[in-house]
Amino acid sequence: MRISRSNVSTEINKTGSWRFVRPGYDEKTAPCSNACPVGQDIARIEMLMGQGMFPAAWETILRENPFPAVCGRVCFHPCERVCNRGEMDSAVGIHHLERFVGDLAIERAYALPHPFYGDEAETDRRATGGKTVAIGGAGPAGLAAAYFLARLGHTCDIYEADSEPGGVLRWGIPWYRLPEDVLKAEISRIVDMGVKIYCQKPITRDFMARAREQYDAVFLGCGYGRSLPLWIPGEEKVLNGLAYLHDIRGGDNTCTGGRAAVIGGGNTAIDVARSLTRLGVEPILVYRRRRQDMPAFDHEVEMALAEGVQLMPLVAPVRIDGGDGGMVLTLQRMRTTRMETAGGRCRVEPDGDRTETLMVDQVYSAIGAEPGENWLFPPEHQPGQLRMSHCILWEHPDARLPVVFGGDLTTPVKSVTDAVASGKQAAMALDTRFRHGGKAIPERLGACRVGDGTALSMEIYLSGRRKTRNPAIVPFSALNTDYFAPAERQAPPVLSPETRCGSFEEVEGAYGRDAAVQEASRCFNCGICNDCDNCRLFCPEVAIYIDGTRCINLDYCKGCGICVVECPRNAMTLEEEAS
Amino acid sequence: MIHSPLPQTDYMASGHVGCPGCGATVAMKFALRALGEKTMLVIPACCWAIIAGSHPQTSLKVPVLHTAFATAGAAASGLRAALDMRGDTETTVVAWAGDGGTFDIGFQALSGAVERNEDFIYVCYDNEAYMNTGVQRSSSTPFGTRTTTTPGTNWKHTRKKNIVEAFAAHRIPYAATASIAYPEDMIRKFQRARELKGGSRFLHVYATCPTGWRVPSDQCIKIARLAVKTRAFPLYEVTDGVRYTLNHDAEPPLPVRDYLSVQGRFKHLTDDDYGEIQAMVDEDWELLKRKVALAPEEARA
Amino acid sequence: MKEVVEGSHAVSEAVRLARVQVMSAYPITPQTHIVEALSEYCADGRMAARFICVESEHSAMAAVIGAASGGVRTFTATSSHGLALMHELLHWASAARLPIVMAEVNRALGPGWNIWMDQTDSLAQRDTGWIQLYCEDGQEVLDTTLLAFRLAESASLPVMVVLDAFFLSHTYEPVDIPDQASVDRFLPAFQPRIQLDTQDPFALSQMAPPGCYMEMRHDIEAGMRRIPEHYTAAEEAFASVFGRRYGMLEAYRCEDADIILAMAGTAVSTSRQVVDDLRERGEKVGVLKLRMFRPFPAALLASLAGDARKIAVLDRNFCFGVGGIFAQEIRAALYLMDSRPPVYSYIAGLGGRDVTPETIEEIYVRTKQSERPAPESVWIGLDPAACPVCRTD
Ligand SMILES: Cc1ncc(C[n+]2csc(CCOP(=O)(O)OP(=O)(O)O)c2C)c(N)n1
Ligand code: SF4
Ligand SMILES: [Mg+2]
């Protein structure tokens with residue numbers, strides 16, 4: 001019987017020929033990653049955290065940064081400032097999450113992932129041909145350089161002037177912001193990788209002269225050990241803020257109570273002031289610009305004020321008089337001008353000759369620092385120098401080996417995370433130099449850029465999955481926010497100002513597990529696929545299938561574009577079909 | 001790889017001839033995922049009669065009975081009766097018709113079937129006009145729409161028929177609206193409808209038609225979502241014609257203009273028209289809310 | 001067992017005995033008694049069937065199409081406006097090759113409303129691909145209905161069993177109602193050739209593009225061409241169980257007839273009487289009972305009536321602008337035959353008007369007296385004074 005009875009599948013019709021635009025999976029770069037000095041894959045980290053996959057999240061951080069527990073606490077998290085979620089309600093608590101998973105890793109003793117870039121062949125290749133590198137300074141830059149070099153198959157010895165490793169982390173940041181055991185745990189992981197740290201053994205010129213005998217390269221990340229002078233009469237009566245912080249962390253309290261002036265508006269000034277309140281001193285911050293111009297993190301300033309620190313803005317010290325029984329600090333009144341500094345702070349000028357005086361018991365200076373020794377500075381524009389965003393490689397003519405300057409010496413922003421970034425950049429540069437020669441560095445490192453900023457990705461360097469990531473940055477407008485409901489940012493517990501003033505106990509607590517998952521789930525995962533499956537779910541052509549990963553069957557895809565639009569996170573792109 | 005709680009097997013094949021971005025196709029895809037292989041479809045004249053494939057092809061992996069335009073309700077009744085007589089109570093009979101085949105020409109047959117409380121699921125995928133014949137108005141076409149039979153200033157000046165209310169008035173055991181932009185909700189409703197054997201179940205499914213509405217194909221789901229968020233197409237369920245549950249509060253609602261102004265078929269509307277439509281939407285919403293409040297369905301697990 | 005039943009109930013009894021599984025119908029006078037009885041059988045358990053009380057004839061046919069596609073034996077009944085409303089689906093049923101059986105009670109179409117006997121309703125459906133069988137009396141109605149299932153199922157085509165309004169549907173006659181066992185022997189349980197199945201999914205009746213539509217239509221025609229064969233086989237089987245047979249056409253006293261009167265339905269019984277009378281008076285006249293209308297048994301017609309000098313056709317129907325429908329069909333059928341007696345076309349008994357022996361005799365006399373047929377159908381019994389109010393302009 002010839003009737004209209006049919007069971008041949010329509011799959012014989014290749015409707016892909018209808019298409020004039022073609023969808024494709026195209027993971028892009030989240031703005032947070034772009035802003036992160038070390039280019040952490042934040043979108044993926046939060047995706048994993050949101051799924052409760054904490055070890056995997058932690059490993060993902062460790063590809064780009066050896067210090068999640070530290071950076072989660074001390075980084076000024078520029079990532080959060082550009083977080084797309086901020087355009088909807090409030091930025092994701094990226095640093096809280098990083099700290100949470102960093103702490104969890106310490107508590108649970110997570111093992112370092114191996115191979116850490118997820119490619120066995122790469123590991124094998126790296127097992128041979130390792131070099132030996134000397135590192136000056138066990139601060140964040142030096143430690144990071146050692147960590148990454150070690151992961152790249154090289155042997156590292158760190159030489160540290162102080163009695164314990166950590167640099168600014170160990171000596172410059174008060175306990176209430178960074179407890180010692182956290183730091184120790186993250187450093188010991190690096191030591192466990194085989195990195196040797198020699199303390200109270202600074203790198204010297206002599207060492208440099210003979211370094212060639214033992215080492216293939218040197219990394220110098222000695223940091224800013226010496227405070228800048230005030231250049232005012234009575235300067236000798238002023239105490240060094242950095243040294244003071246160092247003393248406290250060394251266990252010495254050099255303070256005698258009463259009132260103290262702290263000069264400066266940066267984080268060190270705040271740290272000094274807040275430490276003073278904990279020791280029963282009444283600190284007054286003396287700053288030449290306005291509060292909003294202070295380079296210290298706003299959050300820190302607020303904490304300080306809550307703890308009773310007083311702020312005197314728009315005054316500059318001109319002289320210090322008096323002796324032991326009390327000092328008189330003479331201050332010049334300043335006023336704002338219309339001009340701004342390169343950093344966007346307003347420029348100030350003396351407000352005529354208006355002055356005032358401040359009676360205090362001590363004066364601390366925290367207006368900035370410089371390297372302990374001049375030769376640790378990279379020389380200006382010498383031949384054989386390669387200037388990179390975070391460090392300088394110099395084929396040292398005397399030492400006759402490559403020397404990399406990193407850390408505060410060369411970073412564009414003086415921050416812990418930028419120091420880590422410089423260590424990573426140095427490791428990548430040296431590794432390239434060892435394996436492919438110095439000329440290959442710009443191109444090879446350029447290929448590892450995260451987004452359009454300066455951050456480099458070790459995962460990309462090692463041909464990890466992230467290599468296929470499009471550097472294009474996902475703007476808020478490219479997200480399909482229909483899939484995101486407003487949700488309040490989780491706040492971690494914080495000690496009350498009263499409790500805070502009495503001790504050096506850590507001020508900010510950590511997220512609980514649930515809060516962490518909830519907060520991580522607020523992340524849009526900009527630009528990356530989090531397996532939401534919308535593309536496959538909505539495709540009217542049943543043209544998307546899973547074969548290990550999601551694939552588009554171009555035999556049938558008509559190019560409607562639904563998958564691309566319904567991707568909440570802009571991990572797909574529609575391109576015109578080449579005719 | 002997939003964290004979705006939704007059923008994953010597709011009973012719709014690639015290679016069908018639906019327009020790019022066809023919402024009705026997405027609707028079928030979801031429906032069959034929910035209903036599974038023990039399903040027989042009855043399809044009257046409509047776009048889906050074409051999308052299902054022409055002889056000797058079929059784009060559906062379940063049996064399909066094609067039938068005349070006005071007859072989905074009746075043909076499905078007959079098929080159900082046949083299965084019952086053969087002792088097959090497991091298979092779900094599903095009539096699958098467009099708005100024309102439901103609101104208009106098939107309304108009588110469906111009304112009769114629902115009044116008899118025939119044991120089937122009737123799905124109206126609503127693209128708000130006769131699309132298969134080239135975008136002529138139906139009684140589902142909303143106020144303000146231009147179609148090929150309501151052109152120019154003669155755009156449709158009467159309201160869309162409220163089909164769910166019509167069947168609620170039949171005291172149908174289960175009636176619900178669903179949208180392709182809310183797959184979880186839609187699939188749950190199809191599954192619920194499948195479980196509620198023994199009587200008529202009516203599902204009114206919003207299905208964007210990029211071609212007929214003059215919108216880009218990639219906006220298919222977005223527009224469907226806007227319809228819900230602006231309360232132009234509320235998501236709700238009615239059991240036994242009296243117990244109402246609102247599934248999506250759309251709080252706060254977006255102005256209906258956000259939904260209309262992105263579609264070519266409404267491009268001609270003026271501020272006054274928008275105002276008039278907003279008032280209609282608000283009125284309908286209030287009515288619905290009152291019904292929900294009157295006899296709310298017991299909370300379900 | 002013989003019982004005195006009306007024609008409608010002869011249908012219902014046959015449907016019951018045929019073990020129909022799904023029925024659907026919508027009431028219309030004069031079909032109502034059929035479906036009322038069937039509803040009762042379903043209610044009291046005499047039938048294990050489902051009767052779907054739809055809201056229209058359109059839906060009734062759609063429902064049985066749905067049921068037949070589901071693989072069960074189906075039945076419906078209608079008349080006049082109901083049949084006209086079904087029109088779309090008559091095509092659907094035949095082209096889907098579904099063995100649906102329908103009882104169709106010949107009734108006039110409005111306006112003005114007229115519930116009485118008229119054949120135009122069924123004849124107007126001649127192009128829908130349905131087999132049409134016209135009945136003369138109650139027994140034939142029952143037998144034909146049973147036969148219809150067997151024929152429909154062997155040919156995969158739907159069958160319409162046609163009976164006159166009131167003259168047959170509402171007329172009580174003794175009818176031999178067979179026992180179930182005998183019927184089961186004649187009509188075994190339904191073995192569907194088409195049946196939707198979730199284990200073997202396919203689509204039915206979907207779009208047929210130009211590349212295959214014609215072949216499908218040709219296949220229906222090929223099926224129609226085989227109907228005489230199927231019909232004869234079915235009648236053979238029927239006769240072997242019940243001892244009765246009817247043929248596709250029946251020639252009554254036609255052997256040496258100069259004039260053959262041709263017609264369908266209850267008028268045949270009247271004509272038999274008139275022919276007997278006329279024969280007694282020495283007239284060489286016979287009756288050709290038109291039983292199968294679709295497919296039209298042209299060859300059989302030629303062999304039974306080809307030798308007559310004249311054929312007079314009584315049509316209780318009319319095709320405006322052409323004439324009596326049976327007459328047209330007979331003329332067309334004879335056109336290719338070697339012997340082509342002239343066909344005289346008469347219209348009588350529309351809208352329930354009686355066809356009396358006098359009517360038939362008048363037709364005979366007129367035919368005998370006319371040299372050749374009039375170009376148009378001759379209307380018998382028109383009364384210019386029929387209605388005092390309406391006028392012809
Ligand atoms: C009796 C009858 N009248 C008209 C048509 C022509 N026709 C086929 S599909 C259709 C419109 C269908 O509209 P709808 O039910 O809304 O489905 P859509 O095509 O929009 O999916 C029409 C008018 C027909 N097939 N049968
Ligand atoms: S949704 Fe399907 S058909 Fe549309 S563009 Fe994506 S893959 Fe192609
Ligand atoms: Mg429609």
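**Contacts between chains, domains and strands**

In this predicted model, R225(B) forms a salt bridge with D482(A), the closest N and O atoms being 2.6 Å apart.

Student: How many salt bridges are counted between chain A and chain B?

Tutor: A salt bridge requires a side-chain nitrogen of Lys or Arg within 4 Å of a carboxyl oxygen of Asp or Glu. The pair R225(B) and D482(A), at 2.6 Å, is one example. Between chain A and chain B the count is 4 salt bridges.

Student: What area is buried between chain A and chain B?

Tutor: The contact draws 40 residues from chain A and 39 residues from chain B. On the side of chain A that touches chain B, the elements that each supply at least two residues include β1 (5-6), β22 (549-552) and α21 (562-566) of chain A. Carbon and sulfur atoms give 54% of the buried area, which is about 3,200 Å².

Student: Which domains does the assignment give for residues 229-366 of chain A, and for 129-225 + 371-446?

Tutor: The assignment for chain A lists four entries, among them domain 1 (10-26 + 530-576) and domain 2 (34-113 + 480-521). Residues 229-366 of chain A are domain 4, and 129-225 + 371-446 are domain 3.

Student: With which residue does R177(A) form a salt bridge?

Tutor: Across the interface of domain 3 and domain 4 of chain A, the rule finds 2 salt bridges. In the salt bridge of R177(A), the closest N and O atoms are 3.7 Å apart, and the partner is E300(A).

Student: Which strands stand at the edges of the open sheet of chain A?

Tutor: The sheet has 7 strands in the order β6-β5-β4-β7-β20-β19-β18 (chain A), with mixed pairing. An edge strand has a single partner strand, so one side of it is left without a neighbour in the sheet. The edge strands of chain A are β6 (196-198) and β18 (385-387).

Student: What is the bridge partner of L220(A) in β20(A)?

Tutor: Strand β7 (residues 217-220) and strand β20 (residues 401-405) of chain A run parallel and are joined by 3 bridges. In β20(A), the partner of L220(A) is F405(A).

Conventions: Residues are numbered from 1 along each chain as its sequence is written. Chains are lettered from A and ligands numbered from 1 in the order in which they are written. This is a predicted model: local features need pLDDT of at least 70, side-chain atom pairs count only at pLDDT 80 or more; totals for chains, interfaces and linings use all residues. Side-chain values use heavy atoms; hydrogens and water are left out. Two strands pair if DSSP finds at least two bridges between them. Helices (H or I, at least four residues) and strands (E, at least two) are DSSP runs, numbered from the N terminus. Domain bounds come from an automatic or database domain assignment. Contact means heavy atoms within 4.5 Å. Buried area is the accessible area (1.4 Å probe) that two parts lose on being put together, summed over both.
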